[in-house]
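Here are my notes on the model you asked me to look over.

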Amino acid sequence: MVILDVRNISTTFKLRGTTLRAVNDVSFGLQKGETLGIVGESGSGKTVLCHSIMQLLPRPPADISGSALFGLQDLVSCSSKDIRNIRGNRISMVFQDPQAAFNPYLRICDQLIEPLLYHRRLSRRTAMDKVLSILEETGIPDPARRCRCYPHEFSGGMLQRAMIAMALITHPEILIADEPTTALDVTIQMQILQLLKSLQRQLSMSVIFITHNLGIVAGFCDRVLVMYAGQILESASGDDLFLHTAHPYTKALIRSVPSLHVNSGELYSIEGKPPDLTKEIKGCPFAPRCTYAQGECTEEDAAAGLVGVSHFTSCRRVLKGEISL
Amino acid sequence: MKKPEPDNIAGNSLWKDATRRFTANRLAMAGLIILSVLVILCILAPLVAPWSVDVQNLSLGASAPGPGHLLGTDILGRDLFSRILYGGQISFAVGLCATLVSVLIGVSWGAVAGWAGGRTDAVMMRIVDMAYAFPFTIFVIILMVFFERSLLLLFAAIGAVEWLTMARIVRGQVMSLKSREFIDAAKGLGLSNTRIIIRHVLPNIAGPVIVYATLTVPAVMLLEAFLSFLGLGVQPPASSWGILIREGAEAMEEYPWLLIFPGTVLSITLFSLNFVGDGLRDAFDPRSSKE
Amino acid sequence: MNRKPLLQVENLTVSFPARDSRTRMKAVNDVSFEIYEGETLGLVGESGCGKTTLGRAVSLLQRAESGRIHFNGRDLLQTGGSELRKVRRQIQMIFQSPFSSLDPRMSVLDTLSEALIYCKGIPAKRCIDESSELMRQVGLDPSVIRKFPHEFSGGQRQRIAIARALAAGPSLVIADEPVSSLDVSVSAQILSLLRQLRAKMTLTMLFISHDLSIVKYMSHRTAVMFKGVIVETGATEDLFNKPSHPYTKMLLDAIPVPDPSRKILPGHSVPERLSPDISSGGCFFRHRCPISYERCAYETPALGPVGGNHYCACFRAASIEQPA
């Protein structure tokens with residue numbers, strides 16, 4: 001069952017005379033209980049996409065077109081009152097830097113209680129009980145004492161757990177996590193990912209997980225979108241993405257990451273740089289750097305098609321069967 | 001085979017960026033232009049002023065603006081416009097020199113304290129703290145009473161007060177610069193501390209120093225006006241805007257223009273300096289220079 | 001590979017005043033290791049393990065409390081003044097942040113020339129040619145040599161930083177998380193570049209990173225650090241295929257691998273208690289260790305051989321299950 005239906009989102013920024021196309025005609029659907037990974041490097045548009053859907057971008061200078069249907073409401077065009085009722089309540093977000101998400105002058109419990117008081121209109125006492133129970137579920141020891149601490153008294157990993165607690169306290173239907181573990185140590189990262197998985201099962205929640213780490217995507221996500229220059233180049237299940245890769249960029253990305261278990265020779269490094277988003281891009285945005293590119297890749301409009309069940313690619317050569325990756 | 005010429009592509013240094021941002025700031029440019037006009041007029045006073053300052057036309061007495069006297073005359077019949085121009089020379093000179101003194105002392109003090117750190121820094125900054133607490137007015141009065149009332153002493157006294165904040169600013173900048181990795185890299189190259197401070201630290205603190213210096217000038221000029229108003233600053237027959245304002249204040253009921261004109265000129269100058277200082281601060285803001 | 005160690009560190013300790021400023025906290029605790037000419041030693045560990053402090057101590061940017069750093073036969077901690085300034089030019093560092101490791105007020109030409117003039121004694125008029133050559137070596141177009149750091153991307157700035165390090169003509173390069181703040185594809189470019197350059201110039205490297213996969217790719221030998229102590233060291237192949245210390249094993253297990261058959265399963269774990277007093281003796285890792293026993297509480301294990309050139313600081317080293 002599709003709970004979030006995103007159609008044709010395009011986001012442009014008007015800056016000093018130029019227009020920057022950060023997101024270019026992106027569509028996808030999020031199923032209930034599904035973990036959707038959005039993979040891309042910096043500048044790929046993955047964060048701007050989610051900010052666009054959640055109305056977190058000031059407009060102007062941002063200009064957003066398209067729709068994101070959540071139930072009957074279009075998140076992109078609904079009123080600020082409506083989106084405020086949804087944010088932190090039915091759709092929550094978790095960010096990379098937990099220090100930045102918390103008010104350093106308020107205790108953790110005061111901050112965690114807010115969504116309940118505001119969205120659910122619970123009494124203080126009921127809300128406090130819920131706070132304690134969510135803190136316990138996110139694995140924070142001695143919650144009664146800890147919640148009266150201030151953010152700076154928590155370690156990085158614990159603060160990230162607290163941020164997850166704050167996001168999940170209203171039992172949202174969707175959790176959008178934007179690089180939540182990038183700043184954490186690898187062992188803490190694993191704990192946080194395992195925690196997210198178990199909470200997701202418990203609450204039958206859908207998760208949109210934004211990351212540049214392919215390793216996390218493989219182990220954590222059911223489906224993956226690969227973004228580049230504001231466009232989706234490939235979309236597939238986790239297995240298909242790695243085992244039946246259908247886009248040269250995805251393949252190149254996989255090969256650029258040094259592998260722990262395979263003895264690789266030289267690391268594959270993608271030549272060149274991402275394209276200038278202030279200029280019009282004809283055809284495939286990855287073509288200038290692609291080893292498989294041919295004339296048609298830049299001369300004709302971007303392709304789009306399925307290579308398998310729910311496996312989408314924008315590589316015209318793969319779709320025509322001219323190359324196999 | 002011809003080697004690629006490295007000379008043709010010039011870079012955009014941060015100075016160029018700052019200049020570009022400053023010239024685009026209309027308020028700052030307006031301030032700069034007004035300031036320049038005033039300064040030039042004052043410097044060229046001997047050529048521009050219609051009357052010499054010691055010419056007294058006692059029969060005229062204090063007269064309102066009229067033919068021959070653009071801004072009127074004072075009680076002794078001296079042309080006000082000319083007095084303002086010559087007074088401006090002193091006021092600007094005090095502003096510039098005292099600021100220069102404060103910059104030199106403040107930058108040296110702050111740079112040494114910030115770079116040395118530890119106990120040296122603690123001692124040096126405690127001295128600054130104590131100096132802050134010292135009542136300035138009393139200090140200057142004491143100076144003026146015990147020593148000859150000279151212009152040079154005035155520069156020194158004012159500069160000696162204003163350097164405190166400059167020292168604090170510079171020390172803060174140097175301390176945060178110390179932890180930047182390019183300073184570590186310079187140490188790794190085996191450069192001596194002096195060389196690192198001159199080549200890497202000073203150019204990188206120049207921005208805030210220039211901004212603060214520009215904002216110190218109006219403070220200094222106001223201070224000079226205040227002192228002269230009290231009779232402690234510039235002594236007649238020399239005049240400064242402060243003296244003119246004092247004389248104007250004494251006579252303002254009967255001859256209001258004697259206060260209005262010098263007061264307005266001082267205000268315009270202070271405004272312009274502040275606009276320029278603000279413009280410089282925005283121009284140098286490192287946040288705007290990151291791509 | 002030559003068997004003479006270019007760098008030999010003995011019992012190095014670096015400490016900082018703790019928060020209560022009465023006691024001192026040891027960021028690097030009695031560490032010893034050596035790096036041989038032409039090899040790259042990878043230093044890996046999580047945040048707070050002391051690897052960056054160790055790198056800075058070896059390059060003399062951080063004062064060590066005790067120990068010896070033998071470089072080219074000379075103890076750097078006993079050298080001072082102008083002699084020290086000359087020697088330290090042979091140890092160059094590449095820093096993590098491409099933003100703050102270059103002086104924003106100096107053009108690339110200025111930055112490279114400074115290194116060339118002061119370290120190699122190259123006369124000023126030859127600097128343009130030499131600098132252009134360095135730019136080419138790191139894969140940059142020499143025509144942009146007069147541009148300033150803010151006009152380059154992160155990856156390009158890192159290349160400039162590498163060029164500066166090479167300009168000094170070092171025999172030891174310490175790379176402290178050189179690609180951590182870069183994108184995946186840019187990071188791959190920089191790592192490949194480093195490998196090419198080290199082969200071409202027979203550089204000796206200390207490669208510090210928290211990312212085990214990168215360390216595996218770059219290093220001949222690897223050392224694992226935890227809370228200021230080296231807990232395991234050995235040839236990279238050996239260490240990664242047959243990890244001996246429980247911490248190494250924990251690190252390897254925690255790395256998400258781009259292999260869809262290895263799924264991350266739901267799990268509930270309690271975050272480790274913020275470690276109590278480290279100085280209370282015993283093995284520092286015992287609070288997180290799945291196989292600690294009584295001896296770990298009162299005796300601190302030293303690095304002991306576990307076969308070949310592989311050393312491990314654990315009393316139960318032999319009993320770790322090997323990965324399938």
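1. Let me start with A229(A), which counts as buried because 23 other C-beta atoms lie within 10 Å, and the cut-off for that label is 20 or more. Keep in mind that this is a predicted model. A229(A) sits in the loop between β9 (223–228) and β10 (231–237) of chain A. Its phi is positive, about 50°, although the residue is not a glycine.

2. Q55(A) is another one to look at. This residue also isn't a glycine, yet its phi is positive at about 55°. You'll find Q55(A) in the loop between α1 (46–53) and β4 (62–70) of chain A. Is Q55(A) buried or exposed? It's buried, since 22 other C-beta atoms lie within 10 Å and 20 or more is enough. For background, most residues other than glycine have a negative phi, and most peptide bonds are trans.

3. While you're in that part of chain A, check the peptide bonds. The one joining R59(A) and P60(A) is cis, with omega about 5°. A cis bond also joins P60(A) to P61(A), where omega is about 10°. P60(A) belongs to the loop between α1 and β4 of chain A, and P61(A) is found in the loop between α1 and β4 of chain A as well.

4. Now the chains. Two pairs of chains are in contact, and A and C share the most contacts. Chains A and B, on the other hand, don't touch: their nearest C-alpha atoms are 13 Å apart.

5. The contact between A and C takes 46 residues from chain A and 37 from chain C. On the chain A side, the elements giving two or more residues are α7 (156–168), α8, α9 (214–220), α10 (238–243) and α11 (248–256). Which of them gives the largest share? That's α8(A), with 11 residues. By class, this side of chain A has 20 nonpolar, 18 polar and eight charged residues.

6. The contact between C and B takes 34 residues from chain C and 26 from chain B. Chain C gives two or more residues from each of α2 (81–88), β6 (91–94), α3 (108–120) and α4 (127–137). The largest share of this side comes from α3(C), with four residues. Sorted by class, the chain C side has 14 nonpolar, nine polar and 11 charged residues.

7. Helix α9 (residues 246–254) of chain C is worth a look too. Its buried residues are P246(C), Y247(C), T248(C), L251(C) and L252(C). What do they pack against? Their partners are α8 (186–203) of chain A, along with α7 (212–218), β9 (221–226), β10 (229–235) and α8 (236–241) of chain C.

8. In soluble globular proteins, nonpolar side chains tend to be buried together. The largest core here has 257 residues, and I208(A) and L206(C) touch the most other members. Helix α4 (residues 80–116) of chain B gives the most to this core, 15 residues. Leaving out residues up to four places away in sequence, I208(A) touches L30(A), L36(A), I38(A), C50(A), I174(A) and I176(A).

Technical notes:
Residues are numbered from 1 along each chain as its sequence is written. Chains are lettered from A and ligands numbered from 1 in the order in which they are written. This is a predicted model: local features need pLDDT of at least 70, side-chain atom pairs count only at pLDDT 80 or more; totals for chains, interfaces and linings use all residues. Two residues are in contact if their C-beta atoms, placed from the backbone, lie within 7 Å. Ala, Val, Leu, Ile, Met, Phe, Trp, Tyr, Cys and Pro count as nonpolar, Asp, Glu, Lys and Arg as charged, and the others, Gly among them, as polar. A nonpolar core is a set of buried Ala, Val, Leu, Ile, Met, Phe, Trp, Tyr and Cys residues joined through C-beta atoms within 7 Å. A residue is buried if 20 or more other C-beta atoms lie within 10 Å of its own, exposed if 12 or fewer, and partly exposed in between; C-beta atoms are placed from the backbone.
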